[in-house]
Every structure is written in C-alpha cells, then in structure tokens.
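Grab your viewer and work through these exercises one by one. Each has a task, then a solution in steps.

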Amino acid sequence: MGRLAQTDGLTDIQREILATVRDFVDKEILPVATDLEHKDEYPTEIVEGLKELGVFGLMIPEEYGGLGESLLTYALCVEEIARGWMSVSGIINTHFIVAYMLKQHGTQEQKDHFLPRMATGEVRGAFSMSEPGLGSDVSAITSKGVRDGEEYVLDGQKMWLTNGGSSTLVAVLCRTDEGHPEGTAPHKSMTTFLVEKEPGFGEVRKGLTIPGKIDKMGYKGVDTTELVMDGLRIPADRVLGGETGRGFYQMMDGVEVGRVNVAARGCGVAQRAFELGIDYAQQRQTFGKPIAKHQAIQFKLAEMATKVEAAHALMVGAARKKDSGQRNDLEAGMAKYLASEYCKEVVEDAFRIHGGYGFSKEYEIERLYREAPMLLIGEGTAEIQKMIVGRRLLEEYRFQG
Ligand SMILES: Cc1cc2nc3c(=O)[nH]c(=O)nc-3n(C[C@H](O)[C@H](O)[C@H](O)COP(=O)(O)OP(=O)(O)OC[C@H]3O[C@@H](n4cnc5c(N)ncnc54)[C@H](O)[C@@H]3O)c2cc1C
C-alpha cells in the first residue's frame, strides 16, 4: 500500500476489513480484470468471492445478517474494489443502494423479507429511475403504476439499469396519481415499487422484459439494460414503505449515498491510474534517462497525486458527515463532482505518460481510459452536482440584507 489516500481514525475492525478487501483485489481481481473486460464477461467468480467476504451485506444491520458497517467503511471498500476493476464496484453499488433504501424506508415486513437474503447476496438489487427520454430530470418520468384491487399494474419503459439482467430485485420508480389531487407537484406523485424477478434476459416475469445488454464503451462485464413493463402486476405490499407518493424522496436518499459511492469509485480508479503512471515513468527511457527524471513528467505525477489525495479527503468527509447523522447532500455533491473530474484527469495524464503504449490494449491504462467517463455521468452529471451544491450554498449563505 502506498502513501497516498490514507484515512486517519479508522477502527481496528475497519482496518481489518479494508486489508482483506485489498488483498482480494490484488489476488483475485487485478490479475483477471482487463482480460474479462475485453471479453465483456461477467465476473462470476469474483462476485462469489465478494459474497463470501460479506461485502454484499457490509452496511446491512447485524440483526438482518449483515456486518452493520458505516458508509465510510463501505466507501473505502468500494475505493479498493474500483482500484481493481470499476465494473465490480458497479455490481455492488446498485445492490447497496436498494438495501439502504429498504433499511431506511421499508416496512418491517419488507426488511424481514429482503434484507437477510440481500446480506448474503442471494437476492441482488438494482434500481431504476432513468427512462429513454430522461435521466437528469427525474420528475418527468412517465412509467405508471395504477391501482387494481390489492395490486398495482405497471406500464412503461426504463433505461440504463445497472445489473438489470443479473439482479433479482429492482426498485422501480413510477408515477402513481392515486390519492393525489390534480396539480400535485410531479415529485409528490411518485412511488418506488419493489419488483422481484428471475435473473436473465427476455420475459423474466409475466409483464416484465429485460431485452438484453446495452453495448457500452467501457464499464464492461457488468450488465446494463433496459426494462419494459407491460401490464406488470405487483402486490400493493411491495410499495416501498407501504405508502405511495414517497418514491422521489426515497430514490434521492438512495442516490445521495450512491454519490459518495461514485466518488469512492473515482478515487479508486484514479489511484490505480497513478500507480500505473508512476511505475511506467520509472521504466521508460528517453533521451538517456527514465522519463520520471524529466521535470515535466515529475510535475504530472505531482499533479496526479495531489488530485488523488484531494478527492479521497473530500469523499471521506462526505461519508463521515452522513455517518454522523447529518445531511450530506452538499458534501456528497462536491465529492462526486470533484472525484469524477479528477479521476478523468489523472487517468488522462497516466495515459499520456504511457505514450503510444497507452493506446494498446495490452496496457491496463487503456481500460481505465474507457471506464473513467462513466463516472462523469452516473448518479448525476457534473452539471446536476453543481446545481445541488449551488442551491445548498444559497440556502446556507442566505443574503441577510
Ligand atoms: C453505464 C450507465 C449506467 C447507469 N445506471 C443507471 C441505473 O442503474 N439506474 C438508473 O436509474 N439510471 C442509470 N443510469 C442513467 C444515468 O443516471 C443518466 O444517464 C444520467 O442521470 C444522465 O441522464 P441522461 O443520460 O438522460 O442525460 P440528460 O439528462 O439528457 O443530460 C444531457 C446533458 O445535459 C445536461 N443537463 C441536463 N439538465 C441540465 C440542466 N438543468 N442544466 C444544465 N445542464 C443540464 C447534463 O448534465 C448532460 O450533460 C446509468 C447511465 C449509464 C451511462
């Protein structure tokens, strides 16, 4: 472990968990990641290993069979995993968000039913807000749930579901107008449905189709899909929290912790890019000396390391704020924005240090170069983070006259 991205004040248990995860990443993920990524192959063995380590239940309370760890522990584990392969952190990310939403907002019956099996990784979560016509503007969703006796009938099309094929539980956001008078604000007429399904593609449940994997530029291995609901019948007791009209807030709460998580992924990818860059710079010779001895390359390494440190510090601060029970939307927005932008820049600098070899698929940096852009978009784009941060700043620093 290098000097960068250290975290002060961790407990012995946190240090032990992190050391175990880092060891797993070094032995089981890094040696196979690039090959699997190039084949766009699902990392089944890695996922089984992570189940055994208890990573799928890291933040699920002990009473439901999880490890009951903090957001900070979780984020630091995600950072380690993303350092190995960003796609693997994506496999646990949506699971973690759904488990978090259940823990925070689920009825007792829903928690009892899902959380113990989520802790072991037997039930695997995905969450679905985005549609073909919208991503940033969640309040514009058109998928609908209409009450019919003791059930809801769901219709609509969803887009960009991470783990859409491999998951068995999807938290789906739909519009439900029932009980809400006309003119109700759009975000107050949304409901999260807990949709259980078989893993795989095609018609995975009557009225529910997962058409197939979207072919992506990077972030391969993990399946990203559409989801089509056509008369999908869901029992009324599978409304998250048992009450309609609360879905928007539940999803935003989930995405807020998800943002710390995406920041952590940016930190992990940036760290790996730095490691690759500093190694290569000491091996490659030009003009009679290793390129690391040229000041221009040293400056690049200094800038990269500074960005790795700054992003890590902001991410840790955002996680700790949430763990202390305080609202952290400002900090999570800042951390997600900075970590994803810095990640892209550090990866680009490591790529440049590699010269022409960075362009070859034989070098790991080529994979990172295609992975970093996803972090600029997922869990809200840079513009959306800046809108959140800007609004919160104006609340905090209200002009007193
Ligand atoms: C690989 C991948 C996995 C994903 N996984 C999931 C998932 O699991 N679940 C899920 O629900 N979604 C998922 N998403 C969707 C993701 O959250 C959206 O792509 C993202 O929120 C952006 O939405 P959009 O693509 O519709 O872009 P748009 O909202 O159309 O935005 C296009 C551009 O306009 C900018 N923009 C939009 N509104 C404003 C504004 N008001 N002011 C200034 N600029 C603005 C944006 O920043 C962006 O640059 C995933 C996306 C990808 C690529």
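**Exercise 1. Find which helix gives the largest share of the lining of the largest pocket, then describe that pocket.**

Step 1: Helices (H or I, at least four residues) and strands (E, at least two) are DSSP runs, numbered from the N terminus.

Step 2: Before going on, note that this is a predicted model, where local features need pLDDT of at least 70, side-chain atom pairs count only at pLDDT 80 or more, and totals for chains, interfaces and linings use all residues. Residues are numbered from 1 along each chain as its sequence is written, and side-chain values use heavy atoms, with hydrogens and water left out.

Step 3: The volume of the largest pocket is about 1300 Å³. On a 1 Å grid over the protein atoms alone, a pocket is an open set with protein on both sides within 12 Å along at least five of seven lines, a cavity is a set of points where a 1.4 Å probe fits but cannot get out, and lining residues have an atom within 4 Å of a point. Points are joined across faces, edges and corners, and a volume is the space filled by probe spheres set on them.

Step 4: The pocket is lined by 45 residues, and Gly135, Ile377, Gly378, Glu379 and Gly380 are the closest to its centre.

Step 5: Sort the lining by class and you get 19 nonpolar, 14 polar and twelve charged residues. Here Ala, Val, Leu, Ile, Met, Phe, Trp, Tyr, Cys and Pro count as nonpolar, Asp, Glu, Lys and Arg as charged, and the others, Gly among them, as polar.

**Exercise 2. Now do the largest cavity: how much space lies in it?**

Step 1: The count is one cavity of 30 Å³ or more, and the largest holds about 70 Å³.

Step 2: Its lining includes Phe56, Tyr74 and Lys103. Helix 4 gives the most, with four residues.

Step 3: By class, the lining has eight nonpolar residues, no polar ones and one charged.

**Exercise 3. Work out which way strand 3 and strand 8 run.**

Step 1: They run antiparallel, joined by ten bridges. Strands pair if DSSP finds at least two bridges between them.

Step 2: Lysine 158 has leucine 227 of strand 8 as its bridge partner.

Step 3: Strand 7 (residues 208-210) also pairs with strand 8 in the antiparallel sense, over two bridges, with leucine 208 opposite methionine 229.
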